[in-house]
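Trainee: I am new to this one. Please put it on screen, and then I will ask my questions.

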Amino acid sequence: MVHRSFHYMLPRKRLAGEELGSALKKSQSNNIKAEEEETHKFDMLSNGSPSEMDIDEDLHSRQLAVYGRETMRRLFKANILVSGLHGLGVEIAKNVILAGVKSVVLHDTHTVDLWDLGGNFYLSEADIGKNRALSCVNKLQELNTAVSVKAYTSEITTDFLSKFQAVVFTNASIEQAIKYNDFCRSQKPPIPFIKADICGLFGGVFCDFGPGFEVLDVDGEDPHTGIVASISNDNPALVACVDDERLEFQDGDFVIFSEVHGMTELNDGKPRRVKNCRPYSFCLDEDTSHFGAYEKGGIVTQVKQTKILNFKSLSEALNSPGDFLLSDFSKFDRSPLLHLAFRALDAYRSEFGCLPAPGSDKDAKNFINLAKRLNEGSGDMKLETIDEGVLKHFASGSRAILNPMAAMLGGIVGQEIVKSCSGKFHPLFQFFYYDSLESLPVDEVTEQHLASLNNRYDAQVSVFGHHMQQKLADAKVFVVGAGALGCEFLKNLALMGVASGSKGKLIITDDDVIEKSNLSRQFLFRDWNIGQAKSTVAAAAATEINPNFKVEALQNRVSPETETVFDDGFWESIDVVINALDNVNARLYVDSRCVYFQKPLLESGTLGTKCNTQVVIPHLTENYGASRDPPEKQAPICTVHSFPHNIHHCLTWARSEFEGLLEKAPSETNNFLSKPEEYKASMRSAGDAQARELLERVVECLVTEKCVTFEDCILWARKRFEDYFSNRIKQLVYTFPEDSRTSTGALFWSAPKRFPRALEFTSQDPSCLSFIAAAAILRAESYGITVPEWATSQQKVAEAVDSIKLPPFQPRQGVKIVTDEKATNLSTPASDDSTVIDQLIKLLDTGASNLPPGFQMNPIHFEKDDDTNFHMDFITGLANMRARNYGIPEVDKLKAKFIAGRIIPAIATSTALATGLVCLELYKVFAGHAVEKYRNSFVNLALPLFSIAEPVPPKVFKHGDQSWSVWDRWIIHGNLTVSELLQWFKQKGLTAYSIICGQSLLYNSIFAKHKDRLNRKVLDLAKEIAKLEIPPTRHHFDVVVPCEDEEANDVDVPLVSIYF
């Protein structure tokens, strides 16, 4: 009976698990010779470790950056049950399947109706009357063919539940849920249980992971570290660290020490408790008075502690819920009320056999009375007051599963499932309630306007009414970006019916194409879409969700260069802009356009388990660019090049060397080869250190280090190894011996500097050979040299490199090594730069004469996401050999890819959550709400933490009886002269002393010669000086006019638009 109700679906496109293993075995048994040859090849990892066959790192790289390998392996073993495939259930299933669990069983005994089409993005009108689980299992399977996805349509038994590592119920009654939960708790180990519900604009989640649940990593952050500067012989001991970076330790943390000189007792690996933590010091809860005296060195590292949580069962927690997880502190008392409301709704359904009807005063009254009776019997949980208005809205919308709420709660629940299977991050403990009542229209919607229209938007209409639905349908929306956020937004907007009417339109633009690494979270894409335009594929997928969705896909980047595409007419036609971008500069530009054209902007972003949303409303809130995070601290250039003290420094240097050797040098060489005479003339004309360095690169490529055969490339790679990891280090320690002192008498090699040791190359070390092979292969590629098959054979590469003999290195006197942390480059001007340049040009003339006609090099552009191109193998090898020089812990290729590739950690759960929150704000935009109704949010699903608050109003500037903000522009009509413009400001009590157009100064009162411009038209000056080009469709231009008041204080005035 159980087996008959399972329905097996699509064949897998990507080999996974057993299939991959059997496929490999079959291949190996068919070719024993190939298997023997394989044993002589080596994985191109710099540490020589075997490759990870169980994780598709190309697919899951962004997710691995969040979870790590161990968590991913635990997920791969997890079998998950999702019961209830309406809008919330399908969101949860989507997120869990994308995460990469072993299997997901979709359970539902109900059939599809019209209301389901507004929440479940994998259902269509053709599915009405069919089972919900069966109707969407095929499409859910497509999300990740390495996950087994099945449908189950029978009633759930406890025996059936025992097969899973976590279970989620989205439409179970409290009685059913208690039964299932009690069984799950009785298992050894307990089966984590989650109950989640949505009622219109209200949602709730309950988690029970059983007694004694172990949290392995509470926050998911890397252990904090510090570089020791001193340790006292005291009780407690005071530990001071260098002020390179602030310490992030907290009182009660445990730390371990390493590399401490003198007080070596601390190097025993024993975790020690810290207290009295300060930005650059802390106290060690230990008596060190009998330890050896501290001399130098030392790294202190936080030890992550596990945490044991004892969850209550649902039956116990209903009557004794403990502390609720809060989201919006302006609704401090809301969670206890919603706890009562969900219990009352369950009782209402049991008593009346249905849910309250939308807008029905009678049903609402019955519901409120029932809630009051429950409250009276709640004992210590009894509420002193009950907000009947909230309960009335709760009852009215109780039948609706709204997409934005489903997206938001689906992200939260999806993350809780990951936690339950892995112990990664702190679980939700135990109740979480959320509402977005502020999204409702300003005026109360009558029962008549909530009535069903018998279409796919009925659920949403039952909450917001017909008028709001029409506004959404007629909306003109611009979505910028079609990546992870963009896919989620398109899905949400299609389900909401945005731009589905005759007047509506949605434009989405993205200049990127689909890559394999996108598939783990950008859920509208499939593996057969790789290489296609993101916006086009996403738009097509969204119209499958809702055939009435009017969407146009563009492949243009939104930037100053595309203002002919996104011109004034375009921006003026838009109602609202939704950003789905992944970089700050693009966000700032779109923000500036929205400010200029007075358009609402809904902003969001994610970083691993963290996400934030911001609402930007003309004249009501500050704009996105009004506040920025502080710039990321950059390591001094001398630290990166000569004095690294962490692996980030090594990888930054390695990435720089990759670009210098394989991209910039070949490009510079091609510049010479294209126009040799012009190039030589420009170098002679410059005659400086930079020109000399550029020529040295070209000479190396074409003369001194030119490669013709692959053996030449092996030799080049071997020389590179010797230069980087032996000769340079020998020169460095010769110039600065270990006992060197600074001009102040302090040891030169004191923290954070680490004294380096030169490496000796050996072909017995797989890491050395890996570096040689990767370097040689990339060098060959830059010259167009054919790479032989033996290039990845450990034995063959060892034989080739062992035949190379290099001359011994002798350190030189007088070599200047930059130690100034404020230095911006390593170039050192010399008095004979011009002479050296002439000599280099002579060498070039000789070398170029031996080149074949039309010879060009192939610059290699770094691409982190192709594991077959050897880019990350070379960078990882460079970084790890350098780390070995300085005694810094090495990293594997995946970790190196995260750092050197500047990969932004990303997962589907936080993306879904962010877009759900944004779409709840979109309702408010079309409702025309006041600022106090809007919400900005910051969420960290790892903790979990929710911080939701009203937006900040724009900064207001005042002068006399006038006031303005960033949203204001001063508009002047007429083709004014400079003098007339100055007079216009004078009438406002302001002295304008300068006029700027773009980057050009049109007028400034301090320049005497500018007096001649007073009677000239500002427009003419802008065209002449700023080279201003005005499109035919535009009849104005903008200038910035710095001003002073009567007391000579600078006044920030709005941008000035002059219409002519």
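Trainee: Which residues line the largest cavity?
Mentor: The model is predicted, with local features needing pLDDT of at least 70, side-chain atom pairs counting only at pLDDT 80 or more, and totals for chains, interfaces and linings using all residues. Residues are numbered from 1 along each chain as its sequence is written, and side-chain values use heavy atoms, without hydrogens or water. A cavity is a set of points on a 1 Å grid over the protein atoms where a 1.4 Å probe fits but cannot get out; lining residues have an atom within 4 Å of a point. The largest cavity is lined by Leu-326, Ser-327, Asp-328, Lys-331, Arg-334, Ser-335, Leu-338, Tyr-433, Tyr-434 and Asp-435.

Trainee: Which elements give two or more residues to that lining?
Mentor: Elements are DSSP runs numbered from the N terminus: helices are H or I with at least four residues, strands are E with at least two. Two or more lining residues come from each of helix 9 (334-352) and strand 16 (431-435).

Trainee: What is the volume of the largest cavity?
Mentor: The search covers the whole structure and finds 7 cavities of 30 Å³ or more. Volume is the space filled by probe spheres set on the grid points. For the largest cavity it is about 90 Å³.

Trainee: Which strands are at the edges of the open sheet?
Mentor: The open sheet has 8 strands in the order 19-18-17-20-21-22-23-24, with mixed pairing. Two strands pair if DSSP finds at least two bridges between them. Those pairing on one side only are strand 19 (551-554) and strand 24 (945-949).

Trainee: What is the bridge partner of Val-477 in strand 20?
Mentor: Strand 17 (residues 476-480) pairs with strand 20 (residues 576-579) in the parallel sense, over 4 bridges. In strand 20, Val-477 has as its partner Val-576.

Trainee: What angle does helix 16 make with strand 19?
Mentor: Helix 16 (residues 534-545) packs on the sheet and touches strand 18 (505-509) and strand 19. Contact means heavy atoms within 4.5 Å. The directions of helix 16 and strand 19 make about 165°.

Trainee: At what angle does helix 18 run to strand 21?
Mentor: Helix 18 (residues 584-597) lies across strand 17, strand 20, strand 21 (601-607) and strand 22 (610-616). Its angle to strand 21 is about 170°.

Trainee: What is the average twist of the closed barrel?
Mentor: The barrel has 6 strands and runs 9-10-13-12-11-14, with antiparallel pairing. The twist from one strand to the next averages 50°.

Trainee: Which residue in strand 14 stands opposite Thr-225?
Mentor: Strand 9 (residues 225-231) and strand 14 (residues 299-303) pair in the antiparallel sense, over 3 bridges. Opposite Thr-225 stands Thr-301.

Trainee: What is omega for the bond joining Asn-235 and Pro-236?
Mentor: Pro-236 is in the loop between strand 9 and strand 10 (237-241). The bond from Asn-235 is cis, with omega about 0°.

Trainee: What is the phi of Phe-425?
Mentor: Phe-425 sits in the loop between helix 12 (403-422) and strand 16. It is not a glycine, yet its phi is positive, at about 80°.

Conventions
1 Å grid on protein atoms, 1.4 Å probe; cavity = no way out; pocket = protein on both sides within 12 Å on 5 of 7 lines; lining within 4 Å. Axes fitted to C-alpha atoms, helices over the stretch in contact; angles between N-to-C directions.
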